[in-house]
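Hi everyone, thanks for coming. Let me put it up on the screen.

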Amino acid sequence: MVLLGTVSADNVDKTDKQAKKDIHFENSLVYGSQFAAEELPHFEMRDEPMPAETAYQLVHDELQGDGSTSLNLASFVTTYMEPHAEKLMTESMTKNMIDAEEYPATQDISNRCVNMIARLFNAPVNNADDESLGVSTVGSSEAIILATLAMKRKWQKARKAAGKPYDKPNIVMNSAVQVCWEKAARYLDIVEKYVYCTKDRYVIDPKEAVELCDENTVGVVGILGTTYTGEYEDIKALNDGLEKLQAEKGLDIKIHVDAASGGFVAPFVKPDLQWDFRLPRVVSINASGHKYGMTYAGVGWAVWRSKEYLPEELIFHVNYLGAEQASFTLNFSKSASQVIGQYYVLIRNGKSGFRAIMQSITETSDWLAAELESTGRFVRMNPGGGESLPLVAFRLKEKHHYDEFAIAARLRSRNWIVPAYTMAPHADGLKLLRIVCRLDFSRSRAAALVRDIEQVCDFLDTQDKETIAAWFKDHQTAKQTHAKNRKGTKMNDKHSLQGKHGKTHAVC
């Protein structure tokens, strides 16, 4: 036994504030410095600098509050790249992508990426008059806005030439579109016309889409991999329906394909699927290099069938830092890192490498779905087998005293980020969970996730409805903690599909 000794206290009346004044801080030590004893700045910069090592370590510590990127199964965005790719990207961080005069090799690499991706999408390349065009973007959101703007402007020109009104353009799309499409229509003053989902159909109905088209329709959107279930929409049926519409009514309406997620998957898993420039109505395609293009965020690509579909007046010919160049972007300066990373991925993997990776993660997603269904608790909502993106969209098979959102909340306590969503409008408020299988989602990790999902459900089975509701409320409160000082975070809008119908905007 060890006996405790008593240590006499000096100055027992000294306050904590006074004691702190007497501390001798040593700013050469991170955790012995005055900076570690203070809260990091939130609103205003400090007057004096702090040592680089201290600034690094304190910000590093602050970021420990984030979830693990490898366990974030909500996001399509790439979370793993090879060290050689990371090295190239780091070496390119200081290069301004727009400066073609100073960095001609970088600009040439961007053009190479455009060519490779355009050919992957079967762009016409045998006729100089049909020369395809493409541009790198910071992601599919920018690419979609650019493509929508091009469709609107081409429609306006045709209307003006015919002496017809051109002030009420509309665009036809699935109500399950990602929120960037709502933004594109709203920002560009285009009326949104939706083909609504049902409780049994989560993709666009081609027949209904064609019926919504009129002389004011600038284009129809086809999605190669919907946000919720990852299903490929029947873009060939859209194409055929629009061909028939022109033959019967003279309406020449084209298709833009949102291949943000599927553009780097379908060509290698479902090569015979007709969705791209092989279809004559498809005039533009966007894809995200930072999703299944396996490059860190943010890089995207927009490709047009030919110059005819990208009006010349939208292109700015500028002399920047000594070089003549054509520009069609929303932004101007950006780092070359992501484009260099994309090029590395394209030449490193080649077609056979992409094929091996995409087929492997598709198989993993199918295995995961089968394991979840074998528990008897869940129903898969997407077809799998290469007919959709490598993800698993699933819901509870039967009604319980807890729902998919409760499962997602409990999984978060085990560090898994598996999102729950409310389906697009007119789907009877259907709820679902979604697991995205990315490059770094191995079979071993999938097996661990299945075990945790089963254990979470077993645990929820033993709890009463009121307790689960209280836990979920606490989970929601915790999520809002970091947002409490941000402006405009209240969900009180009435202009979006989420505000009108309760649809959850899915993470992309």
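Predicted model: local features only at pLDDT ≥ 70, side-chain atom pairs only at ≥ 80, totals over all residues.

The largest cavity here holds about 80 Å³ of space. Its lining is made up of 14 residues, and those closest to the centre are Thr78, Lys291, Met294, Arg438 and Leu439.

Now for the rings. How many aromatic pairs does the count come to? The count comes to 7 aromatic pairs. One of them is Tyr194 with Tyr196, a tilted pair at 6.1 Å centre to centre, with 50° between the planes. Tyr194 is buried, at 10% relative accessible area, while Tyr196 is partly exposed, at 24%.

Next, look at Phe378 and Phe394. Why is this pair called edge-to-face? Their ring centres are 5.1 Å apart and the planes stand at 85°, so the pair counts as edge-to-face, because the cut-off for that class is over 60 degrees. Phe378 sits in strand E10 (residues 378-380) and Phe394 in strand E11 (residues 391-396), so this pair ties together parts that are 16 residues apart in sequence. Phe378 is buried, with a relative accessible area of 4%, and Phe394 is buried as well, at 2%.

Two last stops. Phe264, Phe268 and Phe354 are linked by ring pairs into a cluster. And if you turn to Tyr166, you'll find Lys160 over the face of the ring, 4.8 Å from the ring centre.

Thanks, and I'm happy to take questions!

Terms used. Residues numbered from 1 in each chain as written. Heavy atoms only, no water. 1 Å grid on protein atoms, 1.4 Å probe; cavity = no way out; pocket = protein on both sides within 12 Å on 5 of 7 lines; lining within 4 Å. Points joined across faces, edges and corners; volume = space filled by probe spheres on them. Phe/Tyr/Trp six-rings, centres within 6.5 Å; stacked < 30°, edge-to-face > 60°. Buried < 20%, exposed > 50% of the residue type's maximum accessible area, 1.4 Å probe, protein only. Helix = DSSP H or I, 4+ residues; strand = E, 2+ residues; numbered from the N terminus. Lys NZ or Arg CZ within 6 Å of the ring centre and 35° of its normal.
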